Amino acid sequence: MSDLENWVIAWVIPKNRESENCWIMVRHKNRGWELPGGNIRIGESVEEAALRELFEETGLLGTAKAVENKLFDRGTVVLVEVDMEPTPDSWYSDDEMIDEVGWCITIPENLSEFSNSSSIKELETLLVHDWSASTILGS
């Protein structure tokens, strides 16, 4: 398995969402704004990895609802719902590499340098993705 196959991204949305799209992003100290995520540990499922990364980077607990491994070359995306209501206020993370966590309703400036131009395309893809066509997880 390559390093990219060992990578997970959490697409985090509110459980009780209105029609407005909103999602959580983290501002990495060195890379800028990006979606929560990271490496999948040995023996860990992609859902477990996404939920662990979400907690480590944001302090939030969530429920993995669906998995999509065909959207991007650089990892698997897990749709995660959280009980937190969206707010315009950001918060701090216990992760020393994360400067800020917040809800987004538009694509932020200062996206991660990890894949800046493709990051915008990835976010646009996620905003319109039909999760009912993905692998749906049990509740």
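## Around Ser 134

Set aside the neighbours within four places in sequence, and Ser 134 is in contact with Ala 66, Val 67, Glu 68 and His 129. Keep in mind that this is a predicted model. With Glu 68 there is a polar contact, side chain to side chain, at 2.7 Å.

As for where to look, Ser 134 sits in the loop that runs between helix 2 and strand 8 (135-136). Is Ser 134 buried or exposed? Its relative accessible area is 10%, so Ser 134 counts as buried, the cut-off for that being under 20%.

## Strand 1 and its partners

Now over to strand 1, which is mostly covered, with 7 of its 8 residues buried. Strand 1 pairs with strand 4 (residues 37-39) in the antiparallel sense, over 3 bridges. Look for Trp 7 here: Asn 39 in strand 4 stands opposite.

Strand 1 also runs parallel to strand 6 (residues 75-82), and 7 bridges join the two. One spot to check is Ile 9, whose bridge partner in strand 6 is Val 77.

## The largest pocket

The largest pocket has a volume of about 280 Å³. What lines it? There are 21 lining residues, and Trp 7, Glu 34, Leu 35, Gly 37 and Arg 74 are the ones nearest the centre. Sorted by class, the lining comes to 9 nonpolar, 4 polar and 8 charged residues.

Notes. Residues numbered from 1 in each chain as written. Predicted model: local features only at pLDDT ≥ 70, side-chain atom pairs only at ≥ 80, totals over all residues. Heavy atoms only, no water. 1 Å grid on protein atoms, 1.4 Å probe; cavity = no way out; pocket = protein on both sides within 12 Å on 5 of 7 lines; lining within 4 Å. Points joined across faces, edges and corners; volume = space filled by probe spheres on them. Nonpolar A, V, L, I, M, F, W, Y, C, P; charged D, E, K, R; others polar. Buried < 20%, exposed > 50% of the residue type's maximum accessible area, 1.4 Å probe, protein only. Helix = DSSP H or I, 4+ residues; strand = E, 2+ residues; numbered from the N terminus. Pairing = 2+ DSSP bridges. Polar contact = N/O pair within 3.5 Å; in protein donor to acceptor, adjacent residues only side chain to side chain. Contact = heavy atoms within 4.5 Å.
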